Amino acid sequence: MKRHKIELPIYYGFVEVISCKNYNKINKELGLNVDNSSTAFAYRKAPHNYVLCFVVKDDLSIIVHEVVHLVNFIYEDHNIQLSKTNDEPQAYLTQYLFNQIVSKI
């Protein structure tokens, strides 16, 4: 199991990224009950404190899926409304999180 912390410089707070082969150890350490058939999940541990867990696979698209959830959590914590006409901040945050996560794998 690998753990990394990603700082959120503009939005402050951080994302803890946990990659593993299965969820047995994560379930025990975090007090969760995640089924090993799940490939990834994200949640808000506390305001401005987020967690992304995933089982290491060759397909990184599941990380993009979970990053969308993280972006929504971050926006909620800052009372930022998603915009259909100005989604550049959302796109940049998504790109930043994805690049940070993938660079640590």
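The structure is a predicted model, in which local features require pLDDT of at least 70 and side-chain atom pairs count only at pLDDT 80 or more, whereas totals for chains, interfaces and linings use all residues. Residues are numbered from 1 along each chain as its sequence is written, and side-chain values use heavy atoms, with hydrogens and water left out.

Helices (H or I, at least four residues) and strands (E, at least two) are DSSP runs numbered from the N terminus. Helix 3 comprises 17 residues, 88-104. Its first and last C-alpha atoms are 24 Å apart, close to the 24 Å expected at 1.5 Å a residue, the expected span being 1.5 Å times one less than the number of residues. Within helix 3, L93, T94, L97 and I101 are buried (under 20% relative accessible area; exposed is over 50% and partly exposed lies in between, with a 1.4 Å probe and protein chains only). Viewed down the axis, the buried residues of helix 3 fall within an arc of 100°, so they line one face of the helix; the arc is that of the directions from the helix axis to the C-beta atoms. Y92 and S103 are exposed on the face of helix 3 turned away from the buried side. The buried residues of helix 3 pack against strand 1 (2-7), strand 2 (14-20), strand 4 (49-55) and helix 2 (61-77).

Residue S19 is located in strand 2 and is buried, with a relative accessible area of 7%. Beyond four places in sequence, S19 touches M1, K2, F54 and V56, contact meaning heavy atoms within 4.5 Å. N49 belongs to strand 4 and counts as buried at 16% relative accessibility. Leaving aside neighbours within four places in sequence, N49 is in contact with F14 and R44.

Rings of Phe, Tyr and Trp (its six-membered ring) pair if their centres lie within 6.5 Å; planes under 30 degrees apart count as stacked, over 60 as edge-to-face and the rest as tilted. By this rule there are three aromatic pairs. One of them joins Y23 and F41, whose ring centres are 5.4 Å apart with planes at 65°, so the pair is edge-to-face. This pair links distant parts of the chain, 18 residues apart: Y23 lies in the loop between strand 2 and helix 1 (24-30), and F41 in strand 3 (residues 40-46). Y23 counts as buried at 0% relative accessibility, as does F41 at 14%. The rings of F41 and Y43 have centres 6.1 Å apart and planes at 15°, so this pair is stacked. Y23, F41 and Y43 form one aromatic cluster.
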